[in-house]
Every structure is written in C-alpha cells, then in structure tokens.
Amino acid sequence: MRFGIRSRLFATAFGLIAVTMIVAYLAMRNELERLLLSNIRGDLHVRTALVALEVDSVDVARDDFAAWDALADRIGAKAKARVTLIRRDGVVIGDSEVPSDRLRTLQNHGSRPEVVAALAQGFGESARFSATVEHRTLYAAVPFGSGGRLAGVARVAVPLTQIDSAISKLTGIMLLGALAALAVAAVLSMAAAHLVSRTARSLIETAGRMAEGDLNARARVARSDEYGDLGRALDQLAQGLAQATVELRAERDRLSGIVRGMHEGVLLLDREGRIELFNPALREMLLLEETAQGMKPLEVVRHAELKELLDEARSSREDVTRELEITGLRPRRLMVRAARLPGQSEAVFAVFVDVTEMRRLESLRREFVANVSHELRTPIATICSAAETLVDAVERDPGAVAGFVQIIERNAVRLRDLIEDVLNLSRIESREFHLSREPLALEPVLGHIAAMFSHRARAKGIEIVSSSPGTVVAFADRRALEHVLTNLVDNATKYCGTGARVGLRAERSDGSVVVSVSDNGPGIEQRHLSRLFERFYRVDTGRSRELGGTGLGLAIVKHLVEAMNGEVRVESTLGQGTTFSFTLPEGGQTAAG
C-alpha cells in the first residue's frame, strides 16, 4: 500500500494530537482525582469525628444489635453517609445501609485496614471497592467508648462515584476536544499536503521527463526550503547530464566516424559471442550483410579458423594474432588480431587488416629480385668470361681480340640498359618520377620519335610512318610520352622482319586521345597478350635477349600511361601484326593524378 504525502501528513498530525490528548488526559485525570479525593477526604474526616462524638454520648448495651443499628441509621442520615459501628472484636453491630436482620451475616471487619489503623493509632483510612454496595468507597474510622473504655470503632464511608463521574465528564470533554482537533488537523494537513504535494508533483514530473530523456526540463522551484534545495539539485543534475550527454554523443560520433573511416575491419562480439558491431571495411572484406548484426560469426562467415581464433581470444588473457586466407567471390588474406575487451571477460574485439596486396607485392618483389638477379647474372658472367679469355687471346690469337671486345661491349650495354630500366621502374612505382602534364600537340612528338628511329629502320628495311591531325592535343608529360613511344617503337623495329611497316597514329575518341603504334610483323599468340606488361615476361626468351631486350620496357610503358591517367592495351593476330595503343586525356582537361 502506497502512502502519499497527504496521508503521511495527516497520520503525523493525528499521531501528535492523539499523543498530546492522551498525555493531557492522563495528567488532568490524575490531578482531578487527586484534588477531588483530597476534598472528600477532608470532609470525611470531619464527619467521622462528629459521628464518634455522637456515638460516645449514647449508652447502649453491647449486644443490643437493634439499638446500635438504629443509632447507625440515625447518624448516617444526619451525616449523609454510610455509618458502620464495629465492636472491638470486629463484629458489625450497626450499619446505616444494611438491615438489622442481616448484620449477623456480615463478615468480621476486624481485619479491615481502616479498622486496624483506628484501633492502633486512633484514626484509620482506606479506599477500595465495596462488595456490599458494589462501588468504590472511601472509608474513615475512629474508636469510640465511654468512661475511658474502648468499645469499638465508628466507620464512615462515602462513595467515590462523584470522582468517577467527574472523570467520565472529563473523558467526554477530552474526547470531543480530540475529535475537534483531529478534524482541524485533517483540514490543515490536507491543505498543507496540497501545497507541499503540488511542489512535489512538479518535481516528480520534472524528474520523469529527465528519465525519459528530456534533459532540457527544469524544476525552477523558487522556494527556500528543502523542496527548493531539491529542485535546484535536480536542475544542476539535468544540466550536468545534458552536458555529459553532449560530450558522450560527440565522443560516440567521433569514434563512430573513426571506426567507419578505418581501412581496417573492426568486429565486436558481445558476451554471448554474437556480432554487436562491424564497420564498412569489414563488410567489404567478408561480404557481410547488414542483417549479420546479432548473429554468430560462423553463421555469416563459414570459416573454421576464424571461429577458432575468436574462441581462443575469448578464453585467453593474451591477444591472439593469426593470418587467415578467405576464399570465395573475393579471395583475401587477412591479418586478424583479437582480444578480450577490458572489464568484459567474454566480449571480444577483433581488427582485420587486408594484407592481400602486401603479400602480392612481397611475392612480386621476390620474383623481381630473382628475375633481376638472373638477368644480371648472364651479362656479368659473359663479360667476366670474355675478359678472362681476352687476356689469353692477346698473346695467342690477336685477331680474336676484337670479337671478345665486342662481346664485352654488347653485354655491358645490355647490363646498362637493364640497370636503367630497373631504376626507371623503381622511380615510377615509388612516385619519384614526377610528371609535369600540360596540353601537348601530338603531331610533332610522333614525328620526332619516327625520325629518331628512321636510321635503324632503314638499316633493317623497315618503313616508319606517323600520322596525326595537327589539332590533336593531349594532356600529358612530354618526357613520359616520349619514353612510352620510344619503348613501343623500339620493340616494333626489333621484332619485325625486313620490309615491315611501323605506324604511329594519334586521333580523338570520345573526349580522349588514342595513340597507337602498330606493325605488320609476325604477331603474338593470344595466350601471351594478357601477360605482356608483366616484368621480365618474354614471348621468346632467347630471341629477346639476343636482341637486347630487358623484359621491363612494357611494364614501364604501362606504369607511365597510368600515371598520365590513361590506359594501355594490345591487339595482335599471328601473321598479321600487332597494335599497342593507349589513351590520354584530351588537351585542356585537368584530370587528377
């Protein structure tokens, strides 16, 4: 059962009034009883003395019960009290309220306290309930006798009913006063409770709004009592909570932005091992759906090693790190680091780092180092062997010296070209090769490249032709463009036979410029086309090395074209020739790069 403020105030007022009335009633009753009893006692003493004098003045035989009883009746009527005459031996010989024929049936009164005291001290008094008259009675007794001889005790008794009546009236008055006080208390307490509860209800309403999230709610209590202090405390609490909430939301948004912007995948599992949070990076890595939240990891990613790693992290005090291979539509290699959250013994936080590209680059690096080592070993070994043989040939066969010198020179040039290509490719991939792109007319560039290779082409019986409208302008870096064209034309003149034709062409196409280098040489098989731009890939290894190729030219071409926001491709048909083409932004366009 719930007691409100009104009920409590009324109960408090009722209790105070009740206690006050009870204490006042008891105190007044005792005082009234004492005062009335004192007055009655004084009056009784006087009556008792008068009765004793009158009894002493008569001369009645000791055993004349009728005379003694008549005397008691006469004196009692005068004294307006009950008069009892008792012989010295305790026998009642007269009583103003008991018929004479019943006197002999009365008990012996020799042991009554007032009788004993009167015989011993000359006066006795006692208050008790009388079985004879059946009400409380005050007794007073004095001895009587004639001629100095003690004959008995005269006892006068008055009822105490007037005291009981007075106390009853007092009780009634006090009860009526208590009821009136309680009525007044009820009205006042209800009025006070209404005033107090109105403030309390306002505070409760304000606290409820705060609990529902309305931290702009304010009590604004202007009182100077405890309710005012409580209202101001609620306002301070709301202000502090509002400020803390703003800070927490800002922190949450900042952390959420960081998590969402991370390239690393983030996964949070709750205490039951269900997905509580994951970021877009992880969704992309593992191809997760939005519905994955609340599910077990194994239900959305069928990967036993990942489940084992997360289970191990939940049961271990140390971080667990492992590299996993994810198969499926998007194969990935992921470095996963998982650990229990501090303060949450079963919650697990895991970070996924996509190391697919890193592992691929490591593989390429190892392959590149191996290829470079292999490519360097051959010319170096040839140069060393030719140099050693040259020492002996100078003395034994001077005519062979020129041949060995040519071998050394040819392999030195090959070694130089290889080193330059490796350095160029390294600079391009590490972005140390800075481009300065600008609108560039292609007709003079193509003419310059054709002229540069004209002497070698005539020596092999190859015709080089360039064609480009004078209005074709590309947005490109001149040095990089010349490097690309030089590599492509060099390859064409190397691998085309006598009488072949090499063409350089530039034209507009859908808002960009397409530059192509084509020949009508032997062509390339289709199975080689997709790998032509890989480092050190050769269609014919022996012939390529014989012609001085390093295996890096087309890789450099691909990187330089892409650095100028272009795209390179190759088309070839066996026996009909090959066409290398690449796109460039049209002059005047500024592409980000």
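**View 1. Overview of the chain in the predicted model.** Of the 593 residues that make up the chain, 36% count as buried, and this description refers to a predicted model. The chain holds 16 helices and 17 strands, and it exposes about 33900 Å², of which carbon and sulfur atoms supply 55%. Among contacts in the chain with a separation of 6 or more, 58% are accounted for by residues 24 or more positions apart.

**View 2. The largest nonpolar core and the elements that supply it.** This core comprises 43 residues, and the members that touch the most other members are Leu485, Val515 and Phe582. At least two residues each are supplied by the helices H11 (442-452), H13 (478-495) and H16 (553-563), as well as by the strands E13 (473-476), E14 (501-509), E15 (512-519), E16 (568-573) and E17 (577-585). Helix H13 gives the most to this core, contributing seven residues.

**View 3. Surroundings of phenylalanine 582.** When residues up to four places away in sequence are not counted, phenylalanine 582 touches Leu481, Val484, Leu485 and Leu488, together with Val513, Val514 and Val515, and also Val561, Glu567 and Val568.

View 4. Val46, Leu50 and Leu53 make a nonpolar surface patch of about 310 Å². Leucine 50 lies in helix H1, which covers residues 5-56, and leucine 50 counts as exposed because its relative accessibility is 54%, where the cut-off for exposed is over 50%.

Conventions
Residues numbered from 1 in each chain as written. Predicted model: local features only at pLDDT ≥ 70, side-chain atom pairs only at ≥ 80, totals over all residues. Heavy atoms only, no water. Patch = residues over 30% accessible without salt bridge, like charges linked within 9 Å, V, L, I, M, F, W, Y side chains within 5 Å. Areas by Shrake-Rupley, 256 points an atom, 1.4 Å probe, with all protein chains shown as cover. Salt bridge = Lys/Arg side-chain N within 4 Å of Asp/Glu carboxyl O. Helix = DSSP H or I, 4+ residues; strand = E, 2+ residues; numbered from the N terminus. Buried < 20%, exposed > 50% of the residue type's maximum accessible area, 1.4 Å probe, protein only. Core = buried A, V, L, I, M, F, W, Y, C linked by side-chain atoms within 4.5 Å. Contact = heavy atoms within 4.5 Å.
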